[in-house]
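Morning, everyone. Let's walk through a new structure together. Please have a look at it on the screen.

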Amino acid sequence: MSIQTSQGAQFARIMSVGGSRGSRVVDNAEMCTMIDSSDEWIQQRTGIKERRWAADGEDAITLGTAAARTAIERAGLQPADIDAVLVSTVSHFMQTPSMAAIIADKLGMPEPAAIDLSAACAGFCYGVGMADSMVRAGSATHVLVLGVEVLSKYTDFTDRSTAFLFGDGAGAVVIGPSDVPAIGPTLWGSDPTQHEVITIDDWREERPHGEGPFIHMEGRQVFKWATTFIAGKAREALDSAGIPPEELDVFIPHQANNRITDSMLRHLKLPASVVVARDIVGMGNSSAASVPLAMEALLDSGDATSGQTALMIGFGAGLVYAGQTVLLP
């Protein structure tokens with residue numbers, strides 16, 4: 001007797017995207033009342049002019065739920081139509097239950113598979129790769145993938161090298177069956193020898209005044225890794241989908257630093273016609289939420305349109321990376 005296996009759609013696609021941003025706008029002038037820096041220095045080093053932080057009454061759950069609800073509605077679905085929820089986050093303040101399960105409950109989903117992913121800034125693209133496989137394997141028909149972060153809660157305002165970087169928000173997509181190829185192969189991996197380059201404090205460690213845990217980052221090492229190794233991986237993700245640079249429409253890298261984005265553009269040799277996401281300017285670095293939020297911003301503004309080809313890539317703590325070429329919803 002042989003074991004029966006499941007079989008799903010031949011192809012999968014991103015059906016919709018939704019986002020939610022912290023409602024508190026913190027510009028560089030206000031930021032510089034907290035740290036010893038200047039608007040000019042911050043913009044020159046990162047491109048950031050302002051960032052969005054969660055205000056009173058907002059947290060990872062409220063932001064994630066709002067983004068998910070928008071994505072589900074835009075897909076023309078109901079929460080009960082979602083078979084699985086994948087949430088990438090480093091902002092969940094409890095070991096269990098998962099943020100995925102909590103958001104599923106907030107949305108009234110009856111019994112979806114629910115799991116959190118810990119892949120930092122690459123986590124959303126990890127989730128897209130997993131959801132694509134799930135739909136094509138038949139283990140799910142519609143998968144909700146979210147990146148959710150409230151990094152302002154982890155910010156050490158005595159560390160002038162990182163305090164100005166981070167923003168709070170959530171981005172979500174629904175992935176379902178497609179009649180045409182719409183999600184290219186996921187290129188993912190890690191450099192685990194550098195796992196200590198970006199960290200968040202161990203929860204078990206005692207800290208004065210109950211502060212933290214805080215994010216710590218070796219910025220120079222991350223910059224070098226992203227502008228050399230990750231730039232090459234971005235090209236591999238494009239090549240694996242069979243899309244030459246001159247046929248790409250949109251580039252959506254993790255919104256870590258505009259200087260990193262500029263370096264990747266030079267390496268990829270993309271034509272000037274390619275639309276490049278620069279959501280970091282008004283959002284800051286929102287880790288796992290940055291790619292879907294940047295995607296939504298481009299579509300909402302009309303700078304990108306449904307059906308265009310887009311290269312997405314995320315990279316961050318671990319050190320981990322993931323990316324794929326997709327058709328925009």
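Start with a cysteine. The sulfur of Cys 125 has its closest cysteine sulfur in Cys 121, and that is 11 Å away, too far for a bond. Keep in mind that this is a predicted model. A disulfide needs the two sulfur atoms within 2.5 Å.

Next, the inside. The largest nonpolar core holds 35 residues. Val 143, Ile 175, Ile 252 and Met 312 have the most contacts within it. Which element gives this core its largest share? Helix α5, residues 123-137, with seven residues. There is also a second, separate core of 27 residues, including Ile 61 and Leu 77.

Take Met 312 from that largest core. Beyond its neighbours within four places in sequence, Met 312 touches, among others, Ile 14, Phe 124, Cys 125, Val 128 and Ile 252.

Last, the strands. Look at β7, residues 168-178. Of its 11 residues, 10 are buried. Strand β1, residues 11-21, runs antiparallel to β7, joined by 10 bridges. There, Gly 18 sits opposite Ala 172. Strand β6, residues 143-150, is also antiparallel to β7, with eight bridges. Leu 144 has Val 174 of β7 as its bridge partner.

Note on methods:
Residues are numbered from 1 along each chain as its sequence is written. This is a predicted model: local features need pLDDT of at least 70, side-chain atom pairs count only at pLDDT 80 or more; totals for chains, interfaces and linings use all residues. Side-chain values use heavy atoms; hydrogens and water are left out. A nonpolar core is a set of buried Ala, Val, Leu, Ile, Met, Phe, Trp, Tyr and Cys residues joined through side-chain atoms within 4.5 Å. Buried means under 20% relative accessible area, exposed over 50%, partly exposed in between (1.4 Å probe, protein chains only). Helices (H or I, at least four residues) and strands (E, at least two) are DSSP runs, numbered from the N terminus. Contact means heavy atoms within 4.5 Å. Two strands pair if DSSP finds at least two bridges between them.
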